[in-house]
Amino acid sequence: MLIKDYELEMFSPPCDPGSPVWVARVKTDADLGPIMPYVNAEVKNAFYDPKVPTIVWREGAHKYALRENVVSINNLKDRAHAERTAGKIIKRLNDIWERREEIEPDHTTRVPPKLLDILRHLPRTNCGKCGVPSCMAFAAQLVEGERCVEDCPALLEAGMEERLEKLRELGL
Ligand code: SF4
């Protein structure tokens with residue numbers, strides 16, 4: 001077993017104090033670097049940078065990020081939701097680690113898009129409906145894996161389909 005113990009902390013997304021949506025930071029008792037190539041092989045469209053090392057991917061309603069001995073999870077409703085989601089991802093990571101001899105590790109580097117490439121496809125109205133004061137601040141949260149593109153209500157309006165598609169093509 002790779003992760004035997006962990007502690008969970010919760011906080012509001014940066015620049016959005018008091019947000020009803022929470023981010024969890026799960027500190028583990030293990031260095032997560034060695035498992036990242038196996039996670040990269042098992043999940044779809046992850047951003048993986050072996051030089052840091054770090055890996056970020058999106059699944060369902062959440063983004064997950066591994067770095068050093070921390071697992072970050074976004075888009076959580078409350079502590080109970082965070083505890084359930086953290087328990088599932090830790091169990092999955094341990095399962096991947098147990099099966100590592102059957103998995104071909106994937107060392108392919110795939111880095112997140114640059115801030116300005118994201119900003120180009122956002123509505124750029126700085127309306128603040130996503131809870132941060134500008135599209136640039138929201139783009140920074142997307143890069144960090146703390147928000148999903150669907151957190152921008154303006155992108156879900158009619159006429160925004162092409163922008164949304166372009167952002168998804170960037171892997172966001
Ligand atoms: S809701 Fe969308 S358009 Fe408005 S500030 Fe946030 S990212 Fe920009």
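Tutor: Let us begin with a term: two residues are in contact if their C-beta atoms, placed from the backbone, lie within 7 Å. Helices (H or I, at least four residues) and strands (E, at least two) are DSSP runs, numbered from the N terminus. This is a predicted model, in which local features need pLDDT of at least 70, side-chain atom pairs count only at pLDDT 80 or more, and totals for chains, interfaces and linings use all residues. Residues are numbered from 1 along each chain as its sequence is written.

Student: How many helices and strands are there in the protein chain?

Tutor: The protein chain has five helices and six strands. Along the sequence they follow the pattern β-β-α-β-β-β-β-α-α-α-α.

Student: In what order do the strands lie in the sheet?

Tutor: The six strands form an open sheet in the order 1-2-6-5-4-3, with antiparallel pairing. Two strands pair if DSSP finds at least two bridges between them. Strand 1 (6-11) and strand 3 (47-49) are the edge strands, each pairing on one side only. From one strand to the next, the twist averages 15°.

Student: Which strands pair with strand 6, and over how many bridges?

Tutor: Strand 6 (residues 70-76) pairs with strand 5 (residues 62-67) over four bridges, in the antiparallel sense. Strand 2 and strand 6 also pair in the antiparallel sense, over five bridges. Ser72 in strand 6 has Arg25 opposite, and Ala65 also stands opposite Ser72. Val70 in strand 6 is the bridge partner of Arg67.

Student: What packs on the sheet?

Tutor: Helix 2 (residues 79-98) does, touching strand 1, strand 2 (22-28), strand 5 and strand 6. Its direction makes about 135° with that of strand 6; axes are lines fitted to C-alpha atoms, for helices over the stretch in contact, and angles run from 0 to 180 degrees between N-to-C directions.

Student: And what happens in the hairpin of strand 5 and strand 6?

Tutor: Two residues lie between the strands there, and Glu68 takes a positive phi near 50°.

Student: How many residues of strand 6 are buried?

Tutor: Five of its seven residues are buried, so strand 6 is largely enclosed by the rest of the structure. A residue is buried if 20 or more other C-beta atoms lie within 10 Å of its own, exposed if 12 or fewer, and partly exposed in between, with C-beta atoms placed from the backbone. Of the 172 residues of the protein chain, 31% count as buried.

Student: Changing topic: which residues of helix 4 are buried?

Tutor: In helix 4 (residues 135-143) they are Cys135, Phe138, Ala139, Gln141 and Leu142. Seen down the axis of helix 4, these buried residues fall within an arc of 160°, so they line one face of the helix. The arc is that of the directions from the helix axis to the C-beta atoms. Helix 3 (115-119) is included in what covers them. Just after helix 4, Gly145 takes a positive phi of about 80°.

Student: Where is Pro112 found, and what does it touch?

Tutor: Pro112 is found in the loop between helix 2 and helix 3. Not counting residues up to four places away in sequence, Pro112 touches Phe47, Val56 and Val143. Pro112 is partly exposed, with 18 other C-beta atoms within 10 Å. Ala46 is 66 residues from Pro112 in sequence, yet 9.0 Å apart from it in space, C-alpha to C-alpha.
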